[in-house]
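Hello,

Here is the structure for your files. My notes follow below it.

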Amino acid sequence: MSEALFQDVIRKRRSVRKFEPGRSVERDVLKRIVDCGRWAPSGANVQCFDFIVIDEPGLRERVMDVFLGQAQRLVDHARGFPAVKKTYLANTAAIIIVVGDPRWKVCFPQPTSKGWEAEYLDNNEVIFLNSIGAAIQNIQLGVAAEGLTSAWLSGGGEPVTNKELSELLGYPQWMRAYGTIPIGYPAATQNRRYRRPLVQALHWNGYQPTQYRSHAQVDFYESTLRPFAMYRDEESMESWDDRAEKLGEWEAAFTTGTSNPPGELEPEADFSKPRTTGQATKRRLKD
Ligand SMILES: Cc1cc2nc3c(=O)[nH]c(=O)nc-3n(C[C@H](O)[C@H](O)[C@H](O)COP(=O)(O)O)c2cc1C
């Protein structure tokens, strides 16, 4: 395959959440797509994933019902996150669920003394999740190469949703649906979504502190910018007509190669929870 073709597939891979209704995809195509997942790299080559393909319309409806519940739980209990309605799943030609099997973590490095647990237990989890992520990514690329489109839903792996999916699809509940990939023919534009400029993300021969994104910048993205960065069909925020309004003082930080002109780094902060006020925070606090 030529470099240009490969780059094209990379860029065509998009999260599309609107599909043409009434279309189907042949099993041979679905097999080729799943085979892309099978060829993903995995830690210790354990291949800690299985691929459940749902192409039977009745079952697809039942899977959609599970995701409608999942989406409602997000609205009710994870307020502020810009989730979209999952009714679009009705128009998928197939849904692939990537199930992760945690038993295989035993094959990754294990601490042999208490003192090294912090070093290796976390590392073990990282290897497991990255392996599954690689499989999901390969599948999405395979979908794009077939001229179809998909989304990458992490929703499905939460305990309540996973229980419902495992009962519906028959896999053990201790396995987890880490990725759900609805597949279909795009009914919406496939323009690219926002990406940081390359000059900002690429560091030559060491981390460049002027490209560091400050705690306040992360806060701003979470509290205010996130829905636009997620759902607008523009690769660059510079193309936004309302960029001055939406980005304000953060315009240079998001559009140029210098997000942190002073070049000073900050000490670690607790980012386990959102911290500032903004649109997302207001939505979260609303009763
Ligand atoms: C780990 C991971 C989890 C994601 N979870 C969801 C999800 O639950 N629902 C969804 O609609 N999109 C989900 N996405 C898709 C992202 O929102 C999307 O990749 C991002 O906004 C960039 O858009 P693009 O994929 O069209 O370039 C997820 C992506 C990744 C990598």
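Which residues surround the ligand? They are Arg14, Ser15, Arg17, Val84, Ala151, Trp152, Leu153, Ser154, Gly155, Arg193 and Met230. A residue counts as near a molecule if its C-beta atom, placed from the backbone, lies within 6 Å of it. By class, this shell has 5 nonpolar, 3 polar and 3 charged residues. Ala, Val, Leu, Ile, Met, Phe, Trp, Tyr, Cys and Pro count as nonpolar, Asp, Glu, Lys and Arg as charged, and the others, Gly among them, as polar.

Please note that this is a predicted model: local features need pLDDT of at least 70, side-chain atom pairs count only at pLDDT 80 or more, and totals for chains, interfaces and linings use all residues. Residues are numbered from 1 along each chain as its sequence is written.

Strands are DSSP runs (E, at least two residues), as are helices (H or I, at least four), numbered from the N terminus. Two strands pair if DSSP finds at least two bridges between them. Strand 2 (residues 94-100) and strand 4 (residues 176-184) are joined by 7 bridges. Ile97 is opposite Thr180 in strand 4.

Last, the domains. Domain 1 covers 3-184 and domain 2 covers 198-285. The bounds come from an automatic or database domain assignment. Their centres, taken over C-alpha atoms, are 28 Å apart.

Best wishes
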